[in-house]
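Please read it alongside the sequence and the coordinates.

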Amino acid sequence: MNEMYDMSIVTHNWGVMSVLGVIFINIFMLFGIKNLAKYTRAHSLFTPIVGTTIGIVIFTGVVMMAAKHLDFTVQNIVMIIFAIILIYLEVKRSLGLKRLNKKEENAFKNYKSYALKIFILEILVILSISLWMWL
């Protein structure tokens, strides 16, 4: 049982690292693609990867909670809240792109600054919970 829990912790940590990697890839896509139509296409293709990486972290967290007999500690509750915040921020960013007025001249430029703020907030959320758990 302890081996499974230790393996889950390692998998969970790699999942968190992959979420950070996906966020950085999203930032590079955001500033690397200059055309709104191309960015929208790339975003629609990359969205399942974002959801999968967040799902990996949530799944491994649930497995670890099950291994500890659903012991709801303060750390577990905070991680659940942070996972909900991360999902909310991703949905908010995606809806912002979906509702973007494509006829407006500076629409994509304004969306870039909006999305960058959300990405920075996501990075801070992930790093804050990670540093709290690693220390």
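In this predicted model, the largest share of the lining of the largest pocket, 8 residues, is contributed by α3, where helices (H or I, at least four residues) and strands (E, at least two) are DSSP runs, numbered from the N terminus. A pocket here is found on a 1 Å grid over the protein atoms alone, as an open set of points where a 1.4 Å probe fits, with protein on both sides within 12 Å along at least five of seven lines, and lining residues have an atom within 4 Å of a point. The lining of the largest pocket amounts to 29 residues, among which His12, Val57, Gly61, Met64 and Met79 lie nearest its centre. Two or more lining residues come from each of α1 (2–32), α2 (36–67), α3 (74–98) and α4 (107–134). The space in the largest pocket is about 760 Å³, a volume being the space filled by probe spheres set on the grid points, which are joined across faces, edges and corners. Sorted by class, its lining has 20 nonpolar, 7 polar and 2 charged residues; Ala, Val, Leu, Ile, Met, Phe, Trp, Tyr, Cys and Pro count as nonpolar, Asp, Glu, Lys and Arg as charged, and the others, Gly among them, as polar.

Residues are numbered from 1 along each chain as its sequence is written. Local features need pLDDT of at least 70, side-chain atom pairs count only at pLDDT 80 or more, totals for chains, interfaces and linings use all residues, and side-chain values use heavy atoms, with hydrogens and water left out.

The chain has 4 helices and 0 strands, in the order α-α-α-α from the N terminus, and its C-alpha trace spans about 55 × 25 × 25 Å along the principal axes. The table gives the packing of helix pairs, with axes as lines fitted to C-alpha atoms over the stretch in contact and angles running from 0 to 180 degrees between N-to-C directions.

| Helix pair | Angle | Axis distance |
|---|---|---|
| α1 and α4 | roughly 165° | within 10 Å |
| α1 and α2 | about 160° | 9 Å |
| α2 and α3 | about 170° | 11 Å |

The angle between α1 and α4 makes the two roughly antiparallel, a term for angles over 145 degrees. Their crossing is left-handed, meaning that the near helix is turned anticlockwise from the far one by less than a right angle. In the contact of α1 with α4, defined by heavy atoms within 4.5 Å, the residues divide into 18 nonpolar, 3 polar and 2 charged.

α1 and α2 are likewise roughly antiparallel to each other, and the crossing of α1 and α2 is left-handed. Their contact has 20 nonpolar, 10 polar and no charged residues.

α2 and α3 are roughly antiparallel to each other as well. Their contact includes Leu36, Tyr39 and His43 of α2 and Ile80, Glu90 and Arg93 of α3, and its residues divide into 11 nonpolar, 4 polar and 2 charged.

How values were computed. Parallel < 35°, antiparallel > 145°, perpendicular 65-115°, else oblique.
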